[in-house]
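Work through the exercises below with the sequence and the structure at hand. Each task is followed by its solution in steps.

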Amino acid sequence: VYLGLEQWQNAIGDFSKAIALNPTNLAFYFLRAKACENGKSYAAAVQDLNQILRSKPGNAGALYARGIVFSESGQFDKAINDLEEARQTGMVDEKSLTALAVAYEKTRRLAEADCAKGETARLAGDDLGHHLALRHRAVGQHGLAGQVADGPHVAHGRAALDRKRVV
């Protein structure tokens with residue numbers, strides 16, 4: 001109830017009581033971690049997610065959630081590790097890819113950031129954004145002139161996207 005009301009401290013208290021009564025129920029740890037994350041108690045959120053991962057190593061949901069928490073708390077290398085591992089199991093959505101792109105940018109891994117941005121655009125159905133991210137990556141890798149990114153293919157992509165919006 002408190003999660004829906006965004007009363008994070010009350011939610012943490014209730015989930016702590018539930019964990020005390022049933023310490024093997026990993027769902028309580030996950031829900032308390034979400035309340036801790038929303039309340040910006042990142043270390044406590046990581047502790048609960050670590051508890052899940054001790055019980056279920058490689059749990060994609062816990063890796064995904066911990067990666068988001070690491071990203072929000074500025075621990076970008078750890079965020080990359082967890083989000084990439086979760087991604088390998090198929091746990092991919094716009095939120096995780098955005099967090100991954102930010103983490104790559106903050107660690108100056110720009111090619112990987114561009115890939116994550118392109119994948120985010122593709123998931124969102126933004127063919128032009130995906131195309132631009134790929135073109136940007138090609139320009140950066142091959143040292144091509146800046147006009148390549150705004151060449152005829154991009155103009156053609158914009159026209160196709162405009163046609164999609166009209167229909």
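**Exercise 1.** Which residues of α7 are buried, and what span does the helix reach?

*Solution.* The buried residues of α7 are Ala113, Asp114, Ala116, Gly118, Glu119, Thr120 and Ala121, where buried means under 20% relative accessible area, exposed over 50% and partly exposed in between, with a 1.4 Å probe and protein chains only. The model is predicted: local features need pLDDT of at least 70 and side-chain atom pairs count only at pLDDT 80 or more, while totals for chains, interfaces and linings use all residues. Residues are numbered from 1 along each chain as its sequence is written, and side-chain values use heavy atoms, with hydrogens and water left out.

Next, take the span. Helix α7 covers residues 110-123, which is 14 residues; helices here are DSSP runs (H or I, at least four residues), numbered from the N terminus. From first C-alpha to last, α7 reaches 20 Å, close to the 20 Å expected at 1.5 Å a residue. The expected span is 1.5 Å times one less than the number of residues. After α7 comes Gly125, with a positive phi near 80 degrees.

**Exercise 2.** Is Ala33 buried or exposed, and what is it in contact with?

*Solution.* Locate Ala33 in helix α2 (residues 26-38). Its relative accessibility is 2%, so Ala33 counts as buried. Setting aside neighbours within four places in sequence, Ala33 is in contact (heavy atoms within 4.5 Å) with Ala45, Asp48 and Leu49. Val69 is 36 residues from Ala33 along the chain, and their C-alpha atoms are separated by 9.3 Å.

**Exercise 3.** At what angle do α3 and α4 pack, and which residues make the contact?

*Solution.* Helix α3 (residues 42-55) packs on α4 at about 160 degrees, with the axes 10 Å apart. Axes are lines fitted to C-alpha atoms, for helices over the stretch in contact, and angles run from 0 to 180 degrees between N-to-C directions. That angle makes α3 roughly antiparallel to α4, a term for angles over 145 degrees. From α3, the contact includes Tyr42, Ala45, Val46 and Leu49; from α4, it includes Leu63, Arg66, Val69 and Phe70. By class, the contact of α3 with α4 has 11 nonpolar, one polar and two charged residues.

**Exercise 4.** How far apart are the axes of α4 and α5?

*Solution.* The axes of α4 (residues 60-72) and α5 (residues 76-88) are 8 Å apart, at an angle of about 155 degrees. That makes α4 roughly antiparallel to α5.

Terms used
Helices (H or I, at least four residues) and strands (E, at least two) are DSSP runs, numbered from the N terminus. Angles under 35 degrees count as roughly parallel, over 145 as roughly antiparallel, 65 to 115 as roughly perpendicular and the rest as oblique. Ala, Val, Leu, Ile, Met, Phe, Trp, Tyr, Cys and Pro count as nonpolar, Asp, Glu, Lys and Arg as charged, and the others, Gly among them, as polar.
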